[in-house]
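Here's a quick briefing to read alongside the model. Have the sequence and the 3D view open as you go.

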Amino acid sequence: MAKNIFIAATSQNCGKTTTSIGLMHLAQKKYRRVGFIKPLGPKPVKFNRCTVDKDAALIAQVFDMEKDLRLMSPVVVYPDTTRMVVDGEISPDELHERIILAYTELEKKCDFIIIEGSGHPGVGSILKTSNACIARMLNAPVLMVTGAVWEMSLIISVWAWPCLRKKGSK
Ligand SMILES: Nc1ncnc2c1ncn2[C@@H]1O[C@H](COP(=O)(O)OP(=O)(O)OP(=O)(O)O)[C@@H](O)[C@H]1O
Ligand SMILES: [Mg+2]
């Protein structure tokens, strides 16, 4: 089983991708096969005729991992995705399944996997696919990139509660 780490943050543009790039570089010195996944991608871009999250596309390009790009961005959030989940057209379970399937595939090829969370801790909550939920699902320790002390209250309210809840509960 591959080791992993989940990079989360207290806000958008906080430095998750910057941190992931640094960690990718360091991890490649220690592990032979290092992977990256952005499970929930809120910023779709076209890359090599696929629509994937912009951070997954960036990492794939920088670290020459284009062949795994689809696994690196299993769920892309389009402008109408949230409405479709709220209306019951897409179920959160389906999103979870896509994330787990991609991660499991990636895990077969990797010794270490860097998982980048999305935006701030609230992102994905309506989809029942928040950063806390994904970190727990993939059994990953969390590295929190943070900007200011006041943001700790946000961490406690949005992260601590889901993480402390009994494993397996929704
Ligand atoms: N090429 C660049 N040149 C200058 N500044 C940049 C560049 N790329 C990112 N930044 C800035 O660096 C900071 C960190 O960006 P980064 O992409 O690491 O954040 P992030 O937490 O991954 O964002 P997101 O929530 O969109 O995933 C941001 O303020 C961003 O605007
Ligand atoms: Mg990012």
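In helix α2, which covers residues 54-62, the buried residues are D55, A56, A57, I59 and A60. Keep in mind that this is a predicted model.

- Four strands make up an open sheet, ordered β2-β7-β1-β8, and their pairing is parallel.
- At the edges sit β2 (34-37) and β8 (142-145), each of which pairs on one side only.
- On average, neighbouring strands of this sheet are turned by 20 degrees against each other, direction ignored.
- Strands β2 and β7 (residues 112-116) run parallel and are joined by four bridges.
- F36 has I114 of β7 standing opposite.
- Helix α1 (residues 16-30) packs on the sheet and touches β1 (3-9), β2, β7 and β8. The direction of α1 makes about 175 degrees with that of β7.

*L127 in its loop*
- You'll find L127 in the loop between β7 and α6 (131-137).
- Is L127 buried or exposed? L127 counts as buried because it has 23 C-beta neighbours inside 10 Å, and the cut-off for buried is 20 or more.
- Leaving out residues up to four places away in sequence, L127 touches T82, V85, P92 and L95.
- R83 is 44 residues away from L127 in sequence, yet their C-alpha atoms are 9.4 Å apart in space.

Notes: Residues are numbered from 1 along each chain as its sequence is written. Chains are lettered from A and ligands numbered from 1 in the order in which they are written. This is a predicted model: local features need pLDDT of at least 70, side-chain atom pairs count only at pLDDT 80 or more; totals for chains, interfaces and linings use all residues. A residue is buried if 20 or more other C-beta atoms lie within 10 Å of its own, exposed if 12 or fewer, and partly exposed in between; C-beta atoms are placed from the backbone. Helices (H or I, at least four residues) and strands (E, at least two) are DSSP runs, numbered from the N terminus. Two strands pair if DSSP finds at least two bridges between them. Axes are lines fitted to C-alpha atoms, for helices over the stretch in contact, and angles run from 0 to 180 degrees between N-to-C directions. Two residues are in contact if their C-beta atoms, placed from the backbone, lie within 7 Å.
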